[in-house]
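Student: I have a structure on the screen and would like to learn how to read its features. Where do we start?

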Amino acid sequence: MSLRFLYALLPLVALLATPARAQIEMIFRLDYSEAIELEPVLATVTLINRGDQPKRASTDYRLSFDVKERNGIRIKTRNGQVALVPDELPPGGEVTFTNNLAYLYQIDQHGQYSIAARLTLPTRELVSERVFLDVLKGVELVALETESPDGSARRYSLRQVSRNRQSRLYFRVDDPSGSLCYGVYDLGRHLSFQPPSLRVDGQGLVHILHLTAPTLFLHSVFSPTGELVAQQTHSGDASSVRLAPDAESGFRVLGVGVSAPRDPFIDTLPGRKHL
């Protein structure tokens, strides 16, 4: 065999030895590495179609997550729950979407978990790097139990968690008689030198007032089942701002002037979860 013939074969051999590039690529991340118990755990996935044909869910790709406890035990999905994916990936396009892992897996208890995204293709699987999530209890600052207007029991509490070197305040709604959590809300930044206020008015609405900046307060109003009813930011001196009973609105904020609306960093209320 001549050397000229061997040199002619080299490009073909190199091409055959190169692994085929996946037509679908995946990027996975958690929105944060720490969460409070029962808070939504948001996993963001981007799928990129490198091919020239559209790709369809179930036929061309399926998404799942490998979730493990700290001891390595794998956590199964909740009954009947599957990861959400786009129905179709256009050729040359990409789609970014989010799954709430707290819906899919029972990761609402205090502890550390590891998570990886797994994309199943017709001939191979793509598995992301494993990331870690710490689920925290938080520090309960104030709580009260009362009856809702329909006579059922309610427990409202405010918890504080440090995330990314910032103290954040969370509002939680429970039905203690039925071991049911209606949801957990992230109320945003909280300056801990000013204790938050938690009150329930005559109509069963929950009023929360907390300090988000040296002279800024956030007044939030929730229904007995945890739905956000109203929210407003106020400015004022921390020594004079307080909630006071009001015949028209249940409670109003005294000692402040209304400021321009600000982003309260509220997360979507998760579905009801049985503890």
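Tutor: We start with a term. A cavity is a set of grid points where a 1.4 Å probe fits but cannot get out. Keep in mind that this is a predicted model.

Student: How many cavities of 30 Å³ or more does the structure hold?

Tutor: The structure holds one cavity of that size. About 40 Å³ of space lies in the largest cavity.

Student: Which residues line the largest cavity?

Tutor: Its lining consists of I36, E37, R159, Y170, R172 and V184.

Student: How does a pocket compare?

Tutor: A pocket is an open set of points, with protein on both sides within 12 Å along at least five of seven lines. Here the largest pocket has about 220 Å³ of space. Its lining has 15 residues, and R62, L63, S64, V82 and A83 lie nearest its centre.

Student: Which strand gives the largest share of the lining of the largest pocket?

Tutor: Strand β5, residues 62–69, gives four residues to that lining.

Student: Now the strands. How should I read a sheet?

Tutor: Strands of a sheet pair through backbone hydrogen bonds, either parallel or antiparallel. The chain has 22 strands, along with two helices. Three of the strands form an open sheet in the order β1-β3-β7, with antiparallel pairing.

Student: Why is one side of β1 and of β7 left without a neighbour in the sheet?

Tutor: Both β1 (24–30) and β7 (94–100) stand at the edges and have a single partner strand each, so one side of each has no neighbour there. From one strand to the next, the twist averages 20°.

Student: How many bridges pair β3 with β7?

Tutor: Seven bridges pair β3, residues 42–49, with β7 in the antiparallel sense. To find one of them, look at A43, whose bridge partner in β7 is N99.

Student: What about a hairpin?

Tutor: Take β11 (residues 139–147) and β12 (residues 153–163), which run antiparallel and are joined by eight bridges. V139 has Q160 as its bridge partner in β12. The hairpin has five residues between the strands, and G151 takes a positive phi near 95°.

Student: Finally, how do I read the chain as a whole?

Tutor: Of the 275 residues in the chain, 44% are buried. Among contacts with a separation of 6 or more, 54% come from residues 24 or more positions apart. The chain exposes about 15,200 Å², and carbon and sulfur atoms supply 51% of that area.

Note on methods. Residues are numbered from 1 along each chain as its sequence is written. This is a predicted model: local features need pLDDT of at least 70, side-chain atom pairs count only at pLDDT 80 or more; totals for chains, interfaces and linings use all residues. Side-chain values use heavy atoms; hydrogens and water are left out. Two strands pair if DSSP finds at least two bridges between them. Axes are lines fitted to C-alpha atoms, for helices over the stretch in contact, and angles run from 0 to 180 degrees between N-to-C directions. Buried means under 20% relative accessible area, exposed over 50%, partly exposed in between (1.4 Å probe, protein chains only). Contact means heavy atoms within 4.5 Å. Accessible areas come from the Shrake-Rupley method with a 1.4 Å probe; for residues, only the protein chains shown count as cover. On a 1 Å grid over the protein atoms alone, a cavity is a set of points where a 1.4 Å probe fits but cannot get out, and a pocket is an open set with protein on both sides within 12 Å along at least five of seven lines; lining residues have an atom within 4 Å of a point. Grid points are joined across faces, edges and corners, and a volume is the space filled by probe spheres set on the points.
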